[in-house]
Every structure is written in C-alpha cells, then in structure tokens.
Amino acid sequence: MMNADMDAVDAENQVELEEKTQLINQVLELQHTLEDLPAKVDAVQEVNLKLKSENQVLGQYIENLMSASSVFQTTDTHTHTHTHTRK
C-alpha cells in the first residue's frame, strides 16, 4: 500500500474508534440512568402516599368544618326562583 492509502485507512480507523468510544459512553450513561430510575420511582411513590394521606386529613378537616358551620347546612325550607317578565 502507498503511504497516502495507509493514512486514509488510519484516519477511517480513528473515526471508527471515536464513534465506538462515543457509543460505549452513551450506553454506559444510559445504564446509569436506568440504575437510578427505581430509586426515583420509589421516592415519588413515597411522596405520593404522603400527599394522599395529607389530602385525606385535609378533606376530613374540611368536612368537619362544614358540618359544624350553619352556613353549609342544607335547608329545604326556602327555594327562591325569580322570574322577570317584561311587558
């Protein structure tokens, strides 16, 4: 082979090696991301359970406030309907 041909082959091999190295690094990065996902899912599930529990407590608190307040008591004694007719 001529010197120029060898340089071209070396350049191609170098590019191929760089591409492979880049792909390997991307694969490793994705593997680390996948390894971190279960821990993140567990943390989110924990927060979700805590928020559900807090929501239940707040809902019960609001229900208790509403039942203790006369403003929210249901009254069937007066139902007002206003009908306006123009002549």
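A residue is called partly exposed when its relative accessible area lies between the buried limit of under 20% and the exposed limit of over 50%. Leu 65, at 44%, therefore counts as partly exposed. This assignment, like every value below, comes from a predicted model.

The overall fold is simple to state. The protein chain holds one helix and zero strands. Its 87 residues include 0% that are buried. The accessible surface of the chain comes to about 8,900 Å². Carbon and sulfur atoms account for 57% of that surface.

Helix H1 covers residues 3–68. Its 66 residues should span 98 Å, at 1.5 Å a residue. The end C-alpha atoms of H1 lie 95 Å apart, which agrees with that expectation. A bend of about 30 degrees occurs in H1 at Leu 37. A proline, Pro 38, follows within four residues of the bend.

One salt bridge is present in the structure. It links Lys 20 with Glu 16. Their closest N and O atoms are 3.7 Å apart. Side chains of opposite charge can pair when their charged atoms come close. Both Lys 20 and Glu 16 belong to helix H1, where four residues, or about one turn, separate them. An α-helix has 3.6 residues a turn, so residues three or four places apart point the same way. Lys 20 is partly exposed, with a relative accessibility of 48%. Glu 16 is partly exposed as well, at 42%.

Technical notes:
Residues are numbered from 1 along each chain as its sequence is written. This is a predicted model: local features need pLDDT of at least 70, side-chain atom pairs count only at pLDDT 80 or more; totals for chains, interfaces and linings use all residues. Side-chain values use heavy atoms; hydrogens and water are left out. Helices (H or I, at least four residues) and strands (E, at least two) are DSSP runs, numbered from the N terminus. Buried means under 20% relative accessible area, exposed over 50%, partly exposed in between (1.4 Å probe, protein chains only). The expected span of a helix is 1.5 Å times one less than its number of residues. The bend at a residue is the angle between axes fitted to the seven residues ending there and the seven starting there. Accessible areas come from the Shrake-Rupley method with a 1.4 Å probe; for residues, only the protein chains shown count as cover. A salt bridge is a side-chain nitrogen of Lys or Arg within 4 Å of a carboxyl oxygen of Asp or Glu.
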